[in-house]
Structures are given as C-alpha cells and as structure tokens.
Amino acid sequence: MLKAHSRVFEHLTLAVDLVLIGACWLVAYVVRFYVAGPPVTLGVPPLGDYLLQLIPILVVWGLAFHWFGLYRPRRLGSRLSEWMDVAKASTLGVLVLIAIMTFVFRRTEYSRVVILYFWGLSIVATSLWRATFREGLRFARRRGLNLRRALVVGGAGPAAEILAALRRRPDAGVQALGLVGDKTDDGGGASVPWLGRFEELRAILDRQDVDIVFVALPHAESGRLGAILNEIGDDPVTIHLVPDVASLTSLRGGVEEFEGVALIHLRESPLYGWNRVLKRATDVVVGGLAFLLAAPLMVLITLATRLSSPGPVLLRQERMGLDGRRFEMLKFRTMRADAEADTGPVWAREEDPRRTRLGAVLRRWSLDELPQLINVLRGEMSLVGPRPERPVFVEDFRRRIPGYMLRHKVKAGMTGWAQVNGWRGNTSLEKRLQYDLYYIERWSLAFDVKILVQTLWHGFFGTNAY
C-alpha cells in the first residue's frame, strides 16, 4: 500500500511538472512577443513553430527531472536541495533543447529571449509548486497522516542524534517505533521503547510493521553492520546508515557527495572558497584602515623605543601559523635586546625584570602588537584567529596536549576568542585550545566582528597582559 501511495505521488508530481513546463514555454512566447521583449522587426513568428517544441521539451524535462532524482521520496531531504536540483535539471534541459533546435529544427529560428524567459519561468514555477505540495504533505504529517514507521538499530551518540532529529521534524512523517540494541546503551536516554537486542532484530522485524530502518551504530560497534544487514535480509524496507561522525571528527566534520560517492569530512578548515575570500577581504579593508589610524601612534612608539633603550625598535620573532607554516611576526620590542641570552626562549611572566620601562606600558595596553597589522596586510596573519606561538613552544605543547595542532587550520590572529575571554598570557593552554577550536568550528564573519568589538575593550583593559 505504501509503495502504491508513493507511485501515486510520483505520477501526480510528474504530471503537474509537465503541465507547468509546457505552460511556461507558452507563457515565455507570449511575454516575449506581446508583453516585454525587444522590438520585433520581422513580425511575430507563428505560434505553431513553438508548439512543435512542446514534445521534445516534455520528454527532455521529464528525463532530466528523473536524472536528478526529483521523483524519489524526499521525506528526509531539505527544501533547498530540491530547489537546487530543479534548477540544475532545468538548466540541463535548456542546453539539450538548444542542441535539438540547432541540429533538428535548422530551418526555424527560435528566439533566444523566449528560451531565457522559459528557463527562468520553469525553475520558479516548478519550485513553487513543489514547495506548496511538500508543505501540504508536511501539514498532513504533523497531524499524523502519511506516516512511515521506523526502527533505530544501534545506540549511544548516533542513535540519540537521529531520534532527536526525528523529534525536531515531525513534518518528516517518520515515527520511531523503538530502539534495537544493547539494553545498557539506550541511545543516550532515548524517549522510545527498547525492543530487544541486536540478535533479536529478525524477530522484531517479523512482528512489527516497519518501513524504515536507521542503522545508528557507535564507531566501536561498527563491526556489527554486516550481521545487522544479514538480519534485515531482503525485507522491503528502506535502510539508512547514520555514521558516528562525531566520535571520529576533530574539526568541522560533515558529509558530502562527490560524483555519487559519499564523503565524510573528518577534519576540514572552515576557510575555503568564498569564506576564504571574504575573510581575506575583511583583513585587507579593516586591517588597512586600522593601520592608517594607528600610524601616528606607531611613529610615536618608534621614537620612544629608540630613545628609551638600546636595540632595534621592532622584534622579529618566528611564529607558527596556517598549516604549521612559519613566519616572522612583528612586535615593538618591550624587553632588553639581550633578554633571552641567558635563559633561552621562555614565556614572559608577571613583573618580568627583562622588560624596559616603556615596554611594561606597551605590554599592559597591548600596544606592542600594533606592528602585526603589517603581518595581516601581508597575508601571514588575520585580524582574528588563534594567537601564534613560537615553534619551540609548539613542539612541547603538541606532545603534552592532544589536538593542539588543530588550531593551525586557520591563520593566526592578532586577537582571538580565547583572548577576549581572558585566556591570554601565562594561562591554561588546555582552556586556550578549547576556545580556539570553538572559534574554528563556529567561524563566521559575524563571529569575527563580535571578537573585534570585544577586543576594543578587553584588549585595552584586559588582565594577564604582561
């Protein structure tokens, strides 16, 4: 019965799609030649020439929509993914239509404007109709109609995640009948009944009316997958695998499809594509403006440093940045020129005797960091990101703190989420890493702006700056 209903929905959707596609072709003709279009010099072409294209259009669009999976069940899919598939299928259809017109209907010249109008109208009309239809189905499902019954096989994090997702989306129309797995592992306190152990799955399927099986095994139990699939056998149920991504990922994990191959991202930087361009543009614009505003102050600090103590004005110190690459970070010198001659590389401490009198003031107000605006403009650093450390310290930290190197998946910053929350200077490295990874996992331009605004306060009035 359920398959019959699915076929009815598929045939209904196909029929309405084709009616709309045909109507869009005719509307595009009318709009071009009678409503809005460039002036016609040789007269309006006969409608009959355009009616000839209806048969290839309906065939091509029907095949294109099938090709992009627009008639498979999308109960668990997103609205955006369907709209994107409609746009892709319509674009493919237009390209094939142009080829047909070029090679089959050579003697008839078709208006490019009509084709352009048709392309846009077909995407909008089909997407709107499908959105209305899907919303009607969601409305019915929220009221207990058109439901599918599901078993969750597994436990711990993956089971809890899929059960929570189903509770958040009653409009998907998937009712969880219960959990199958070790009784001691109830899917994180799931609010569904426990139906039995893995070994009882076959018997449970025989006595339950099940449409969908979610296999949600913790990573440690992944070896049971083959046995579970054998237990399900050839039952005509839909099977979804819920991977335990959370236990494997270390940074911004996710799932993507590439040419039909499912890829699970276990570790990935958030700054790729347009995100990378946007962040770099922000660094250049805001960093350049900040450099111009700070230039007079930097000139004064340069003169004061030169007059107050012997040695170079700028300290050029090797630090580790994006992907573990090293660069020379610039700072105003705040300590004696031979500060590390006897001790070697060490962290600054409170009331550090190596500081110059001017250096103590600069460090207290974080003014020694201003030359790093040059690093930002060079592209070696960003305005916002984890603070860079010296390679000699990094080698020690990565041995002592698991996951420490993950903070290098983005550019080092002049300020960061850890710093505005007080984790700067000689404070807990573990806490600092926790805040750095939180920033990377949740990066957005708005988050950067928030940190920059907070830096205007915390940077000048914060503690642990010595």
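Here is a short chat about the predicted model of this protein chain.

Colleague: Hi! What does the pLDDT of the protein chain average?
Modeller: The average is 84, and 85% of the residues score at least 70; pLDDT is the predictor's confidence in each residue, from 0 to 100. This is a predicted model, so local features need pLDDT of at least 70 and side-chain atom pairs count only at 80 or more, while totals for chains, interfaces and linings use all residues. Residues are numbered from 1 along each chain, and side-chain values use heavy atoms, without hydrogens and water.

Colleague: Which element has the lowest mean pLDDT?
Modeller: Strand 6 (residues 254-258), with 63, whereas helix 12 (residues 372-378) has the highest, 96. Helices (H or I, at least four residues) and strands (E, at least two) are DSSP runs, numbered from the N terminus.

Colleague: New topic: how many salt bridges are there?
Modeller: The count is 23, taking a side-chain nitrogen of Lys or Arg within 4 Å of a carboxyl oxygen of Asp or Glu. One of them joins Asp-209 to Arg-149, with the closest N and O atoms 3.0 Å apart.

Colleague: Nice, and where do Asp-209 and Arg-149 lie?
Modeller: Asp-209 is in the loop between helix 7 (201-207) and strand 4 (212-216), and Arg-149 is in strand 1 (residues 148-154), so the pair ties together parts 60 residues apart in sequence.
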